[in-house]
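Please look through the model shown here before reading on.

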Amino acid sequence: MTKRIFRSIYIVALGVFVASAICIMGALYNYFTGVQQTQLQAQTNLAAQGVANEGAGYFENLKADSLRITWIDTDGTVLYDSQGDLSNMENHLEREEVKQALSNGMGESTRYSKTLLQRSLYCAKKMNDGTVLRLSVAQKTVFTLLLSMLQPLLIVFVIALVLSLILAYRLSKKIVEPLNSLDLDEPMNNKEYEELTPVLERLNAQKRQIKLQRDELKQKQKEFDAVTQGMAEGIILLNSECEILSINPSAQKILNTNPFCIGKFILSVYSSQELQELLLKSGKGEYCEKIIELSGEKYQLNASPIISHSNVSGTVLLLMNVTQKEKAQQLRREFTANVSHELKTPLHTIAGCAELMSNNMVKSEDVPEFANKIYTQAQRMITLVEDIINLSHLDEGVENMKKEQVNLLDAANDVALSLSNEATQADVKISVSGDNAVISGYPAMLTQIIYNLCDNAIKYNRADGKVDITVTDNTDTVTLTVADTGIGIPKEHIDRVFERFYCVDKSRSKQIGGTGLGLSIVKHAAMLHNASITTESVVSQGTTITVTFPKN
């Protein structure tokens, strides 16, 4: 804008100078022409008076270099000419100034010579004897005058050019300075140019509208951040060029990056063939998902295209950790297979025995033995089904159960009493000791924890063995310890004994009627009470399992 104002002022200043120069020179030229004409008229009168007094003798020794004097007879014949040859002179009777002088006593005219590029002024006066005396002077034309004054005109033009530059620069800077110093934060406080008022009012209205929109965007951004910041899932917003617009902390952690990745190409932050395929499909407007592995865990990566005016303007990437889900599905598959396997064996035994008995292929003295096998296998199936039902209840949660104050020492005594027959048959002594410790929990589940631990301790013990149940009341916790002198658990199996259907010695488990679900039920029940389990075991010496319950 400054350049345009500078150029405009500069051109206007030069134009005004040139126009002024032309007008002044024209006015001066006309003025001096009039002065010269008046002087010529006075000189003509003086010369006429001299000729009238002295006659032709007036022209002797007369020096008039700048003037041309011509004396014309009444018939137009030239009697005297100060600059011409009389023999070659034509008749002057038809000259305009001569005709005017003969008719009016005085005559004037102007003639332009294209060859000499000059103009001649003529003044003629009629003498008393009827002759005419004419004086003429040569006058330069405006163009000739300009050529003769070219040097001073150039000097003046250069001075005017420099002054125009300085003036245009200062004026343009002075005009633009208030515009550069406009307070755009408060448009209506600017009073420099009244012509800018409509623009400033419009700017002020737009500023208010932009502020409202900015506040609304900030509020939406805060709401979006509040939602995404606490999400366990990772969310990444990409533009149409697959550059990161927004990324929440979970996504940063998953991709092992930081907030400075915003604005970068997503594949430069995390590069994988799966992600590239998802971006290509999303760019075509297709919703797609894949399971990818990051840092040893599995994530489901969803790519949702953002459609705007029938075009894909961006992509939303959602990262969900499905490791536990995958494990749960695997556990369900294993659980189904294990249940099928565990049920198949007793069913085959029952079916085989029943078939032999129905076909009278069993001796009468062997019938009680076959009936006992059917009963034993049926009881094993009932125990298995009950354990599965208990696990199902634990998986469903404790929404329909009510917590109560439970004395673990009393519960341990009750369990020991209920298992006294099994302990006597296995030749195992069971004892309970410790403190009266009360915790808030679910009575049935707490009883199940103690029962299953003690039941395992009896079943996997040795003859003349012991099972010691100890309840300890600590400051913040209550511990339940079940120690036996049984066969023990090999070190490599300790971490897996709480898995469903996992048995260290499957043949012994089947022999004693174990289902492989007892410790799994203990683990789930302990989790519902926010309790922790520790296991210590030495092969052939025994096992000690400690369950620690928080008081609060």
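What follows is a walk through selected elements of this model.

The model is predicted: local features need pLDDT of at least 70, side-chain atom pairs count only at pLDDT 80 or more, and totals for chains, interfaces and linings use all residues. Residues are numbered from 1 along each chain as its sequence is written, and side-chain values use heavy atoms, with hydrogens and water left out.

Helices (H or I, at least four residues) and strands (E, at least two) are DSSP runs, numbered from the N terminus. Two strands pair if DSSP finds at least two bridges between them. Strands of a sheet pair through backbone hydrogen bonds, either parallel or antiparallel.

Five strands form an open sheet in the order E7-E6-E10-E9-E8, with antiparallel pairing. Strand E7 (244–247) and strand E8 (288–294) are at the edges with a single partner strand each, so one side of each has no neighbour in the sheet. On average, neighbouring strands of this sheet are turned by 20° against each other, direction ignored. Axes here are lines fitted to C-alpha atoms, for helices over the stretch in contact, and angles run from 0 to 180 degrees between N-to-C directions.

E8 is joined to strand E9 (residues 297–308) by seven bridges, and the two run antiparallel. Ile 291 has Gln 300 in E9 as its bridge partner. Across strand E6 (234–239), E8, E9 and strand E10 (311–321) lies helix H8 (residues 273–283), at about 165° to E8.

Further along, strand E12 (residues 428–434) runs parallel to strand E14 (residues 465–473), joined by seven bridges. Here Ser 431 is opposite Asp 468 in E14. E14 also pairs with strand E15 (residues 477–484), in the antiparallel sense and over seven bridges. A hairpin of three residues connects E14 to E15, and Val 467 stands opposite Asp 484 in E15.

Gln 37 belongs to helix H1 (residues 2–54). Its relative accessible area is 11%, which means buried (under 20%, against over 50% for exposed and partly exposed in between; 1.4 Å probe, protein chains only). The side chain of Gln 37 reaches the backbone oxygen of Tyr 122 at 3.5 Å. Beyond neighbours within four places in sequence, Gln 37 is in contact (heavy atoms within 4.5 Å) with Glu 108, Leu 121, Tyr 122 and Cys 123.

Helix H11 (residues 408–418) packs against helix H13 (residues 443–459) at about 45°, with axes 9 Å apart. H11 and H13 are therefore oblique to each other, as angles under 35 degrees count as roughly parallel, over 145 as roughly antiparallel, 65 to 115 as roughly perpendicular and the rest as oblique. Residues of H11 including Leu 408 and Val 415 meet residues of H13 including Leu 446 and Ile 450.

Key:
A polar contact is a pair of N or O atoms within 3.5 Å; within protein, one must be able to donate a hydrogen and the other to accept it, and residues adjacent in sequence count only if both atoms are side-chain atoms.
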